Amino acid sequence: MKSFRVKEFGDIDFLEMVEECTPQPGKKEVLIKIKACSLNHRDISMLLGTGTLSPLKELIPCSDGAGEIVEIGKDVTRFVKGDRVAGIFFPNWLGGELSEQTARGAWGLESDGWLTQYKVISEEALVRIPSHLSYEEASTLPCAAVTAWNSLLQPRALKAGETVLIQGTGGVSLFCLQFAKLLGLKVIALTSTPEKEAMLRKLNANHIINYKEHPEWHNQVKELTNGKGVDRIIEVGGPGTINNSLKSCSPGGEIIMLGFVAGSDYKIDYMTIYSSGAKLIPLSVGSREDFESMNKAISFGKIKPVISEVFRFEETKAAWIIIKQKKHIGKVVIKID
C-alpha cells in the first residue's frame, strides 16, 4: 500500500509518498480501506511548524478520514465487513470530558493519521457515517463538523432565536452555519469576497459583513443587534480577530476559542477583555458520543458538507498548497480510492 509520511517539518515538500506493507487487524481491531481524507488548518500548521503542537516525525498526517471496513479482527462486535465508517478525532475519547488520558494518541500528532490507503484501527475509535453522504463528504466530519456542532451546544446549548457570529468560510465556520440554521439560530457571518458571500447567502446566513471593507466590524455587529451584541462567537481567527470579537459579544455572551487562522502577530488588549463581560471558552473538537449525536442531526437535516475541491491521492501536495494559501471555501478533500 502507499502512504504519505512527514519526514521533516517546515515545508510541504517534506511530505513523502512511501510504499508500505498492508497492516492486519488484531483483537478488537478492523482494517479500513480508506476512501478519502480531508485537510484541516491543524494539519498544515503542524507540517509547517507554525502552530502550538509538536508532532512526532515520520508519522502519516491527517486527522480526518472515511472508508470501508474490509477485514475484521477477533472479538469485534461494533461493526461488520462492508460498514462505512469514519474515525473519531481523539481515538481514546469515547465520551464524557476530555482528559490527559483520553487526549492521547491523536492522529498525525502522536500516532499515524489517515493519509494512507489502508489503516488498522480499534473498533472503538470509529463511527458509522450518514447514509446520504459520500466517502468524500464523510471525510470532512471528524474535526471540523464535530467542532462546529459542539461550539453551538457546549458549554450550554444555544436556544432558537439566539445570535451566533461566524468568521470566514472555512470548514468549521460553514458547518456552524448549517447547524445553526437547523437549530433555529440567527447567524451573522464575516467574509472578504463576493464569491464567499454568495456561498454564505446560499446557506442562509441572516447577515453578512465584509471585514475588508469594515475592519472595525464590531460596529456593524452592534448595529445589527440593536447595540446588544451577539450571544456567541465562533472564534477561529485567534489573535487577529479577538479584539473585534470581544467588542461584538453581548455581556455574558460566549466566545468559543477554536483557532488562529488570522495569524498570531497581534496584540490583545487586556482592558478590552476585562470590559467586554464575555466568557472565553477554549474547545477541542469532541468525543465519539458527540460525533454520533451530530450524525443523527446531519441525517435528519440531510446536511451536505461544502467541499471546495477534491484531489487525487497523487495530487496530495497540491491539496496542501490550497490550504496553505487559504483559497478554499469549505473543505479540501483527497480522494484515495
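How many disulfides does the rule give, if a disulfide is a pair of cysteine sulfur atoms within 2.5 Å? The count comes to zero. The views below come from a predicted model, in which local features need pLDDT of at least 70, side-chain atom pairs count only at pLDDT 80 or more, and totals for chains, interfaces and linings use all residues. Residues are numbered from 1 along each chain as its sequence is written, and side-chain values use heavy atoms, with hydrogens and water left out.

View 1. Cys-37 is buried at 0% relative accessible area (buried means under 20%, exposed over 50%, partly exposed in between, with a 1.4 Å probe and protein chains only).

**View 2. Asp-43 in helix α1.** Helix α1 spans residues 41–48; helices (H or I, at least four residues) and strands (E, at least two) are DSSP runs, numbered from the N terminus. Asp-43 is buried, with a relative accessible area of 3%. Leaving aside residues up to four places away in sequence, Asp-43 touches Ser-38, Cys-62, Ser-63 and Trp-320 (contact means heavy atoms within 4.5 Å).

**View 3. The buried face of helix α10.** In α10 (residues 316–325), the buried residues are Thr-316, Ala-319, Trp-320, Ile-322 and Ile-323. Seen down the helix axis, they fall within an arc of 155 degrees, so they line one face; the arc is that of the directions from the axis to the C-beta atoms. Their cover includes α1 along with strands such as β1 (2–6) and β15 (331–335). Just after the helix, Lys-326 takes a positive phi of about 55 degrees.

**View 4. An open sheet of six strands.** Follow the order β10-β9-β8-β11-β12-β13, with parallel pairing (two strands pair if DSSP finds at least two bridges between them). At the edges stand β10 (207–210) and β13 (279–282), each with a single partner strand, so one side of each has no neighbour in the sheet. Neighbouring strands are turned by 20 degrees against each other on average, direction ignored.

**View 5. Helices lying across the sheet strands.** Helix α4 (residues 171–182) lies across β8, β9 and β11, at about 160 degrees to β8. Helix α5 (residues 194–202) lies across β8, β9 and β10, at about 170 degrees to β9. Axes are lines fitted to C-alpha atoms, for helices over the stretch in contact, and angles run from 0 to 180 degrees between N-to-C directions.

Key:
A disulfide is a pair of cysteine sulfur atoms within 2.5 Å.
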